[in-house]
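Open the model in a viewer and keep the selection panel at hand.

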Amino acid sequence: VLFETQAGFALFSIKKPKKFAKIEDFGPYSSNAQKLGKLIELKAFRPFKDTKDVLKSAIKFIKGKMSKALKKFLTKNLNTEEDTLAVSSMKMATLVRKHFSDITIEHNQNIEELTRCIRTNITSFLEGINEQQLKEMSLGLAHGLGRFKVKFSSDKVDNMVIQAVTL
């Protein structure tokens, strides 16, 4: 399971795939990190170097492209002949298929539910990162993306804003 977080990229393996396929209610896994830990394990984690690194990856994803960091991470940690990569969104599935055509990719309702459980309990799996640090990283990413998204264009209605600021 590929999981993108504001701290970095994480790759989880499902310990018991047959049991996972039969799960109908993920509620107990969401509220209990130990129970979730019996179902999955952290296979690899690639932390972002700095705010610039996470922002670059996020912007690439928004533009429908895969970052170099993610390409390297997947190349290093996936065995293309044996592994099946589970992703939480169709957009990510499309990106991975585009760059790694020989990897089997899975996206379904159970993967989405599992991703929610991982998001809720992520600090239990990542050593050295706590909730407060994740909140700070999230805030930094939000500010960076805000600056990226809010670009002024003199061709649009923004012209009035620019003129008002100039006064």
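Select helix H6, residues 90-99, and colour Met92, Ala93, Leu95 and Val96, the buried residues of this helix. Buried here means under 20% relative accessible area, with exposed over 50% and partly exposed in between (1.4 Å probe, protein chains only). Look down the axis of H6: its buried residues line one face of the helix, because they fall within an arc of 165°. That arc is taken over the directions from the helix axis to the C-beta atoms.

This is a predicted model, in which local features need pLDDT of at least 70 and side-chain atom pairs count only at pLDDT 80 or more, while totals for chains, interfaces and linings use all residues. Residues are numbered from 1 along each chain as its sequence is written, and side-chain values use heavy atoms, with hydrogens and water left out.

Next, show what the buried residues of H6 pack against: strands E1 (2-5), E4 (84-86) and E5 (104-106), and helices H4 (51-62) and H5 (68-77). Contact means heavy atoms within 4.5 Å. Helices (H or I, at least four residues) and strands (E, at least two) are DSSP runs, numbered from the N terminus.

Move to threonine 115, in helix H7 (residues 109-125). Is threonine 115 buried or exposed? Its relative accessible area is 3%, so threonine 115 is buried. Beyond neighbours within four places in sequence, threonine 115 is in contact with Val1, Phe3 and Ser88.

Finally, select the whole protein: nine helices and five strands, in the order β-β-α-α-α-β-α-α-β-α-β-α-α-α from the N terminus. Of its 167 residues, 37% count as buried.
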